[in-house]
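Please look over the model below before reading my points.

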Amino acid sequence: MALEIGTVVEGKVTSIAKFGAFVLLPGGKSGLVHISEIANAFVSDINEFVQVGQSVKVRILNVTDDGKINLSIKRAAEQAERPAPRPPRAPARPVSEARPRETASQPVGEVAPRSDNQDFEDKLKKFMQESDSRIADNRLYADRPRRGRKH
């Protein structure tokens, strides 16, 4: 069996070291699951997550030129949990069509109901005005000559 990068295979943990676990793969080859690829959580002791003789699903990350195989348990689990891709959605309506506008047909003095979009635009406008004011103050302060003792 040829080992292809990205495939998920089942293997058996043969030994555990401080830096990772060695896994026997189908075909008799062995690979290393580095401690950082054991689980999504922080792993201080590998023995808390895997034991010698345990069957684990691993994803093949890399096969080096000298035959070393890098594996990942956490990425194999992520691939199994990944939901099926969603079908593409219809494009959203442009913002100009989404918000109601005041028209000449509305009686004077009556205001169109406010939408969330208008509230956001009002908040954004206020933020931009405050931001411009602060920037102007900072420039004024930065352009002032500094007074102090000359050495």
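1. Two terms come up at once. Helices (H or I, at least four residues) and strands (E, at least two) are DSSP runs, numbered from the N terminus. Two strands pair if DSSP finds at least two bridges between them.

2. Some ground rules. This is a predicted model, where local features need pLDDT of at least 70, side-chain atom pairs count only at pLDDT 80 or more, and totals for chains, interfaces and linings use all residues. Residues are numbered from 1 along each chain as its sequence is written, and side-chain values use heavy atoms, with hydrogens and water left out.

3. Start with the hairpin of S2 and S3. Five residues lie between its strands, and Gly27 takes a positive phi near 95° there. Strand S2 covers residues 20-24 and pairs with S3 in the antiparallel sense, over five bridges. Find Val23: the residue opposite is Gly31 in S3.

4. S3 has another partner. Strand S5 (residues 69-72) runs parallel to S3, and two bridges join them. Here Val33 stands opposite Leu71 in S5.

5. Now the loop between strand S3 (30-34) and strand S4 (55-63), where Ile35 sits. Is Ile35 buried or partly exposed? The cut-offs are these: buried means under 20% relative accessible area, exposed over 50%, and partly exposed in between (1.4 Å probe, protein chains only). Ile35 has 21% relative accessibility, so Ile35 counts as partly exposed.

6. Next, the neighbours of Ile35. Contact means heavy atoms within 4.5 Å. Leaving out residues up to four places away in sequence, Ile35 touches Lys18, Phe19, Gly20, Val43 and Ile46. Ile73 is 38 residues from Ile35 in sequence, yet the C-alpha to C-alpha distance is 9.8 Å.

7. Glu37 belongs to the loop between S3 and S4. Glu37 counts as buried because its relative accessibility is 10%. Which residues does Glu37 touch, not counting residues up to four places away in sequence? They are Leu61, Leu71, Ser72, Ile73, Lys74 and Arg75.

8. Last, the aromatic rings. Rings of Phe, Tyr and Trp (its six-membered ring) pair if their centres lie within 6.5 Å; planes under 30 degrees apart count as stacked, over 60 as edge-to-face and the rest as tilted. A search of the whole structure gives one aromatic pair. The ring centres of Phe19 and Phe22 are 6.1 Å apart and the planes stand at 90°, so this pair is edge-to-face. Phe19 is partly exposed, at 42% relative accessible area. Phe22 is also partly exposed, at 29%.
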